[in-house]
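Keep the sequence and the 3D view open while you read.

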Amino acid sequence: MVKQYATQKLLAFVARYMRRRFDRDTKHFMKKDGREHTQFLYSSPPAANDIPAEPAAVYVHLLFGLRDRELGAIEANFASFVYSVFSALERDWQRLARDLAAGRLGKDVEVPDSVRTACDAALSPEPARAAELREIFESEDAFRDGRLARRVWPHLNFITTVTSGAMQLYAARLQRRYTGQVPLYSALYAATEGLLGVNLWPEESQPRYVLHPRAMLFEFGETAGTDGDKILLASELEVGGEYELIVTNRSGMFRFRMGDVVRVVDFYNGAPIVEFLYRKGQLLDVHSEKMSEAAFFGALRSAADGWSSTLVDYTTAESVLLAGAADNPPHYVVLLELNGAPLTDDERQKVDESLCAHHEVYRSFRCQGGHRDLPRWCASDRAAFERLRQHVLANSDTSALQFKVPRVLRTESLLQLMLEGATP
């Protein structure tokens, strides 16, 4: 099955001056196709939605986004994808400037003929804009000082994308390298099941969402544990409590356990305000300690603040997936992508200390010998995480816009895929 990508879902460059866009692209607004009713808001033409391959789709959206100096916003599902888009810009800027100056897609851009014809018709030679961009990209600190986004788009007001949970890691990298002070707004809490919540505090760095009382019926697992937990309604929740979301929606899902765990931080007109914490399936549990994604990531991030290298990405596994696991004490396998030197012994020890500080049960097992081995650390490169991404996309129904790096690998094959070429 070919996965299709829509501008509004995969990546959207939103015009700053909507009236100007409306005047220029009224023909898109007037078409009967529902997806084009708001197309005048976006820099890319409708044909860009019909590109089946993700790299080519990103390239084309980038080309049209770069063409529009008056860009006001960028939209994408996850901060990880926005980061990959800016990485593609860093890699392909010379080709993009070439096609922008020529006013047509290069022959090395693999798109269907119908898409090429439509995109070429929407383009026109922009040599002045191409020259301006070349000057920006050729500067010494273009892709390192965190000010690239505002240099390319002086009127960029915000980037709307999910930054909660482990997406905080990508959001930090994005701001540090590419976007600087451009606000990242995690506007909605949504899933395949439907809209869950809305973030009413766009200026706060930590996203929190009011659960939408009319979107669906929300119930809450009291401890985020087993199916036998007591089920609570919104009026029974406590501030500071952590709960598993259970939803009943209008599409026929009845008391569906989504696997999302949230913390209640307040109430808004009686509706719970929540922070997303983690997914239930992302637990490390080599000795019944039930280390959540949130707890592990919090410990890792705390320890990483003192490293000489920068944490780029990570994933984990339980040692039971390793060959000869029965001959070794249970432990975690941690695969890191670092920008800089490998971790020293002292830096690795700091992570274990941080895990003990963040997780009482882990600390008790470490003291009692249940975790007799420290976590095993492996240094991976970006290619390893890209192999993981491509493997998941090729062997599941997950699309590029839905992909999130699994924080706990559950199969031996995925662990071995990540260990190829990894160093201790």
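The questions and answers below go through this predicted model.

Q: How many helices and how many strands does the secondary structure of the protein chain come to?
A: Both kinds of element occur in the protein chain. The total is 14 helices and 16 strands.

Q: What percentage of the residues of the protein chain count as buried?
A: A residue is buried when its relative accessible area is under 20%. The chain has 424 residues. The share that counts as buried is 51%.

Q: What share of the contacts with a separation of 6 or more comes from residues 24 or more positions apart?
A: A contact needs heavy atoms within 4.5 Å. Take the contacts in the protein chain with a separation of 6 or more. Residues 24 or more positions apart account for 64%.

Q: At what angle do helix H13 and helix H14 pack?
A: Two packed helices are described by the angle between their axes and the distance between the axes. H13 covers residues 382-394, and H14 covers residues 412-419. Their axes are 8 Å apart. The angle is about 145°.

Q: Which residues of H14 make the contact with H13?
A: H13 brings Ala384, Phe385, Arg387, Leu388 and His391 to the contact. By class, the contact has 6 nonpolar, 1 polar and 1 charged residues. From H14 come Leu414, Leu417 and Met418.

Q: Is Arg389 buried or exposed?
A: Arg389 lies in helix H13. Its contacts, leaving aside neighbours within four places in sequence, are with Glu54, Phe81, Ala400 and Phe403. The cut-off for buried is under 20% relative accessible area. Because its relative accessibility is 13%, Arg389 counts as buried.

Q: Which residues lie nearest the centre of the second largest pocket?
A: About 800 Å³ of space lies in the second largest pocket. Its lining has 36 residues. Nearest the centre lie Glu54, Ser84, Glu386, Arg389 and Gln390.

Q: Which element gives the largest share of the lining of the second largest pocket?
A: The elements that give two or more residues are helix H4 (54-67), helix H5 (79-102), helix H9 (167-179) and H13. The largest share is 9 residues. The element is H5.

Q: How many residues in the lining of the second largest pocket are charged?
A: The lining residues divide by class. There are 16 nonpolar and 6 polar residues. The charged residues number 14.

Q: How many cavities of 30 Å³ or more are there, and how much space lies in the largest?
A: Rolling a probe the size of a water molecule over the atoms shows where empty space is left. The count comes to 4 cavities of 30 Å³ or more. The space in the largest cavity is about 50 Å³.

Q: Which element gives the most to the lining of the largest cavity?
A: The lining is made by Leu336, Leu338, Pro342, Leu343, Arg348, Trp377, Cys378, Ala379 and Pro424. Strand S14 (332-339) and strand S15 (376-380) are the elements that give two or more residues. The most, 3 residues, comes from S15.

Q: How many residues in the lining of the largest cavity are nonpolar?
A: The lining has 1 charged residue and no polar ones. The nonpolar residues number 8.

Q: How many disulfides does the structure hold?
A: A disulfide needs a pair of cysteine sulfur atoms within 2.5 Å. Cys119 counts as buried because its relative accessibility is 0%. Cys378 counts as buried too, at 5%. The number of disulfides is 0.

Q: How far apart in space are Ala57 and Val109, C-alpha to C-alpha?
A: Ala57 is in helix H4. At 0% relative accessibility, Ala57 counts as buried. In sequence, Ala57 and Val109 are 52 residues apart. In space the distance is 9.4 Å.

Q: What is the phi of Arg255?
A: Most residues other than glycine have a negative phi. Arg255 is in the loop between strand S10 (242-248) and strand S11 (256-268). At 45% relative accessibility, Arg255 counts as partly exposed. Arg255 is not a glycine, yet its phi is positive, at about 50°.

Q: Is Asn269 buried or exposed?
A: Asn269 is found in the loop between S11 and strand S12 (271-279). Although not a glycine, Asn269 has a positive phi of about 50°. Exposed means over 50% relative accessible area. With a relative accessible area of 76%, Asn269 is exposed.

Conventions. Residues numbered from 1 in each chain as written. Predicted model: local features only at pLDDT ≥ 70, side-chain atom pairs only at ≥ 80, totals over all residues. Heavy atoms only, no water. Axes fitted to C-alpha atoms, helices over the stretch in contact; angles between N-to-C directions. Helix = DSSP H or I, 4+ residues; strand = E, 2+ residues; numbered from the N terminus. Nonpolar A, V, L, I, M, F, W, Y, C, P; charged D, E, K, R; others polar. Buried < 20%, exposed > 50% of the residue type's maximum accessible area, 1.4 Å probe, protein only. 1 Å grid on protein atoms, 1.4 Å probe; cavity = no way out; pocket = protein on both sides within 12 Å on 5 of 7 lines; lining within 4 Å. Points joined across faces, edges and corners; volume = space filled by probe spheres on them.
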